[in-house]
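Keep the sequence and the 3D view open beside the text as you read.

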Amino acid sequence: MAMAVRRASASAFRALTSSRNFNSSILTRDLHASPGSKKIVGVFYRANEYAEKNPNFLGCLERALGLHEWLESQGHQYIVTDDKDGPNCELEKHIPDAHVLITTPFHPAYVTEERIKKAKNLELVLTAGIGSDHVDLKAAAAAGLTVAEVTGSNVVSVAEDELMRILILVRNFLPGYQQVVRGEWDVAAIAYRAYDLEGKTVGTVGCGRIGRLLLQRLKPFNCNLLYHDRVKMDPELENQIGAKFEDDLDAMLPKCDIIVINTPLTEKTKGMFDKDRIAKCKKGVYIVNNARGAIMDTQAVVDACSSGHIAGYSGDVWYPQPAPKDHPWRYMPNHAMTPHISGTTIDAQLRYAAGVKDMLDRSFKGEDFPPENYIVKKGELAPQYR
């Protein structure tokens, strides 16, 4: 049952939300209305007992980006929930009169055309993090909404995670760990398919901020680095990294021992890696995908992992999210999947919480956001989503 907290003092609110027994799906600060008062709705994942283990754990439901006291001081109403799916969820109750919606890629509120039509007061949709594909961007543009995200807030976090996943796959780490947990010791069962990263060809599909950081971090491993993107990187940076631009994606794929997906999810990239495209990859390829799950054809990945055409698949993105218990990626062989965690480290949370607060403050003052943060502005989509 949902429980509301109304007109609670700041100290009482903190005490309630830090309680181990806190089970509400919604928190509200019902403030005295003022002429410029806005209703702001945030959707975040629940931390439960973990919320109190780190004071900087800002990205969870219980701390809600640390915005409660500040928004209260500004005279606004702030409602947060983790209940986001289905016609009777808490989010649906607040969509019609919300002015601002804040959500995250890690527990996304899907802002569909239907929801946008219901949201008569909605002006602004903010992504606490990077990646706004949970929003129907064309419908948002048509409705005159502004959609923005905290560009750059978790690029280091995701690039580091991608490098980790590459090493986990290439070195065949997970089966070794699982042996230890089971009390076994069989070196041969690990070593027969463990390799060095040095000398391997790594290609990134998409080479924006995260892709470039990944390539920079791979350089010391003495890999052959390739990248495919709609634009070439700066020639000086390209030379420093030692990466080669590949204009033709399908020509790049069979050259790669390891493929990393770093492209946004758009109408063009949805299902990009289907059965036919995966077949163009080298047999025994490793694939890392921290971009978006829907870029891959779900069953095609399962089939390729089962046949051995994909030697290992790792990522933290699924479709939908949270992934249902029967999602086939949970059970396919040779995977190293996790929940969507790469971009929500504590360091990243501090950055995207500060970024959301900055954009809210600018919005209240009628000021523009940093240009790179806009995904939809005045009916126009950012280039990567066109």
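## Charges and ground rules

The protein chain carries 47 positive and 48 negative charges, and their mean positions are 1 Å apart. In this count Lys and Arg are positive and Asp and Glu negative, while His and the chain ends are not counted. Each charge is placed at NZ of Lys, CZ of Arg, CG of Asp or CD of Glu.

Please keep in mind that this is a predicted model, in which local features need pLDDT of at least 70 and side-chain atom pairs count only at pLDDT 80 or more, while totals for chains, interfaces and linings use all residues. Residues are numbered from 1 along each chain as its sequence is written, and side-chain values use heavy atoms, with hydrogens and water left out.

## Overall build

The protein chain contains 14 helices and 15 strands; these are DSSP runs numbered from the N terminus, with helices (H or I) of at least four residues and strands (E) of at least two. The radius of gyration is 22 Å, close to the 21 Å that the globule rule gives for 386 residues, so the chain is as compact as a globular protein of that length. That radius is taken over C-alpha atoms, and the rule is 2.2 Å times the number of residues to the power 0.38. Along the principal axes, the C-alpha atoms fill a box of roughly 65 × 50 × 35 Å.

Of the 386 residues, 53% are buried. Here buried means under 20% relative accessible area, exposed means over 50%, and partly exposed is in between (1.4 Å probe, protein chains only). The chain exposes about 17,700 Å², with carbon and sulfur atoms supplying 51% of it; the areas come from the Shrake-Rupley method with a 1.4 Å probe. Among contacts (heavy atoms within 4.5 Å) between residues at least 6 apart in sequence, 65% join residues at least 24 apart.

Take a look at helix α9, residues 209-218, where the buried residues are I210, G211, L213, L214, L215 and L218. The elements that cover them include α6 (155-170), β7, β8 (224-228), α10 (235-241), β9 (243-245) and β10 (258-261).

Next, find I278 in helix α12, residues 275-280. I278 is buried, with a relative accessible area of 3%. Leaving aside residues up to four places away in sequence, I278 touches F273, A300, V301, A304, H309 and I310. Its C-alpha atom is 9.7 Å from that of D250, which is 28 residues away in sequence.

## Aromatic pairs

A search of the whole structure finds 8 aromatic pairs. Rings of Phe, Tyr and Trp (its six-membered ring) pair if their centres lie within 6.5 Å; planes under 30 degrees apart count as stacked, over 60 as edge-to-face and the rest as tilted. In one of these pairs, Y110 and Y319 have ring centres 6.4 Å apart and planes at 75°, so they are edge-to-face. Y110 lies in the loop between β4 (100-103) and α4 (113-118) and Y319 in the loop between β12 (310-315) and β13 (335-337), so the pair ties together parts that are 209 residues apart in sequence. Y110 is partly exposed at 22% relative accessible area, and Y319 is partly exposed at 47%.

The rings of F369 and Y374 have centres 5.3 Å apart and planes at 20°, so that pair is stacked. Both F369 and Y374 are buried. Y313, W318 and W329 form one aromatic cluster.

## Loops and backbone details

The loop between β12 and β13 also holds P320 and P322. The peptide bond from Y319 to P320 is cis, with omega near -5°, and the bond from Q321 to P322 is cis, again with omega near -5°.

L65 sits in the loop between β2 (39-43) and α2 (68-73) and is buried at 4% relative accessible area. K378 sits in the loop between β14 (374-377) and β15 (380-381) and is exposed at 77%.

Finally, D196 is in the loop between α8 (187-191) and β7 (201-205) and is partly exposed, at 48% relative accessibility. D196 touches V170 and R171, not counting residues up to four places away in sequence.
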